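Below is a short briefing on selected local features of one model. Please read it with the structure open.

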Amino acid sequence: MTYKFQQLPQLVDKRGKLPSKGSYNKRAKGVKSITTRVWHHSLTKLSAGGSNIVAFANFHVGTNGWPEIAYHLIIDPNTIINGKAVIYYSVDISKRSYHVGNSNTIGLGICVIGDYRTDKLSKPTIASIIELRNALIKDGIGKYDKSHNEMPGYSWKACCVYDYNKAFKDILQTIAPGATQKPSLPPDLYTIQEGDTFWSIAEKDGPAGITVDDLIVANPGVAPTKLKVGQTIKLGKSQHAYTPKPGTPKHPQSVYKYPLPSGVLKKGARGESVHQLQAALAAVHFYPNKSTKNNGVDGIFGADTENALRRFQKVYVPYQVDGVYGQNTKEKFQAVLKSKGY
Ligand SMILES: [Zn+2]
């Protein structure tokens, strides 16, 4: 059957065409079990390179280990069709995708790309929000609209931060960021729900936010890549656990114990800069090859080094797990080395 929302001219069907490994399970009671249209934003700035559906799919599948991208529908303000933001249909609505923990069974996941703590909803975006919602209502898909942080267990989360109710009503007015009430303080402890990762739990680097690094520092006994449903982690108390002290004087990287090379390095590269990268990886315990005498620090960027770099990126640069050393990885690496006292 074809729904009305599928006939919107700005909708592009991406089902089965995005990076995946397998498929979500079908909703046991079918599409009629959807009660709530859950509104998200991607928390990635519209201007950032990784703000696109392929990057999200790679992250959700490759880093989080989910079968497919998290959201059923994604509105992308960076691509306009006939004056309206494109709507990607990315996961069939009959499937129970991972976007809102224990409420996945009843939730339809709709994500607007952007970080609306600072980005603003554009008119083409608001037009697509309204048209998509109206079509879903006509199709009988969901009874309520809620933001991610109005769902049980997520009141502390900065998602979404645009005023979706206002978007439904007012197409003409550009909506200011931060229009909804401030999220409440996170609880001290948090219980892992299905589909959670440190990255999805963290509120990225806002002034009051919890970062992935905060979570790692506050939960030394927890392996970020092996979270189990029902496991309890420290949340509120992790706030700023990692954040480096302000006012640290800026030295050129070369005066540090592990200077980081500049430029781009990938598999096949050789020489001093590769050696520097490998030494830095080993210093933060991402050894290129632990079974050799010098931990695989040999100046040759081969499969082991690529693997070590990917493991580093998985934890610290999860939007760019590509095994290639470049500017984003370098900046994060400098922060990590500094935080460890190097
Ligand atoms: Zn969300």
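Asn295 counts as partly exposed at 23% relative accessibility, where buried means under 20% relative accessible area, exposed over 50% and partly exposed in between, with a 1.4 Å probe and protein chains only. This is a predicted model, in which local features need pLDDT of at least 70 and side-chain atom pairs count only at pLDDT 80 or more, while totals for chains, interfaces and linings use all residues. Residues are numbered from 1 along each chain as its sequence is written, and side-chain values use heavy atoms, with hydrogens and water left out.

**Positive phi and loop positions**

- Asn295 has a phi near 60°, a positive value in a residue other than glycine.
- The loop that holds Asn295 runs between α6 (272-283) and α7 (303-316); helices (H or I, at least four residues) and strands (E, at least two) are DSSP runs, numbered from the N terminus.
- Leu43 also has a phi near 60°, again positive in a residue other than glycine.
- Leu43 sits in the loop between β2 (36-41) and α1 (53-63), and with a relative accessible area of 9% Leu43 is buried.

**Pro224**

- Pro224 is found in the loop between α5 (212-218) and β8 (232-234).
- The relative accessible area of Pro224 is 29%, which makes this residue partly exposed.
- Leaving aside residues up to four places away in sequence, Pro224 touches Phe198 and Ile216; contact means heavy atoms within 4.5 Å.
- A separation of 7.5 Å lies between the C-alpha atoms of Pro224 and Val315, which are 91 residues apart along the chain.

**The six-stranded sheet**

- An open sheet of 6 strands has mixed pairing and the order β1-β4-β3-β5-β2-β6; two strands pair if DSSP finds at least two bridges between them.
- β1 (11-13) and β6 (144-147) stand at the edges with a single partner strand each, so one side of each has no neighbour in the sheet.
- From one strand to the next, the twist averages 30°; axes are lines fitted to C-alpha atoms, for helices over the stretch in contact, and angles run from 0 to 180 degrees between N-to-C directions.
- Strands β3 (residues 73-81) and β4 (residues 84-89) pair in the antiparallel sense over 6 bridges.
- Ile75 has Ile87 in β4 as its bridge partner.
- Helix α2 (residues 123-139) lies across β2, β3, β4, β5 (107-112) and β6, and runs at about 45° to β4.

**Asp145**

- Asp145 is placed in strand β6 and is buried, with a relative accessible area of 13%.
- The side chain of Asp145 makes polar contacts with the side chain of Trp39 at 3.0 Å and with the side chain of Arg133 at 2.7 Å.
- A polar contact is a pair of N or O atoms within 3.5 Å; within protein, one must be able to donate a hydrogen and the other to accept it, and residues adjacent in sequence count only if both atoms are side-chain atoms.
- Residues touched by Asp145, not counting those up to four places away in sequence, include Arg37, Glu150, Tyr164 and Phe168.

**Zinc site**

- His40 (ND1), His148 (ND1) and Cys159 (SG) coordinate the zinc ion at 2.0 to 2.3 Å.
- Donors are N, O and S atoms within 2.8 Å of the metal (3.2 Å for Na, K and Ca); water is not among the atoms, so sites may look incomplete.
- The donor residues of the zinc ion are spaced H-x107-H-x10-C in sequence.
- His40 lies in strand β2 and Cys159 in the loop between β6 and α3 (164-169), so this pair ties together parts that are 119 residues apart in sequence.
- Both His40 and Cys159 are buried.
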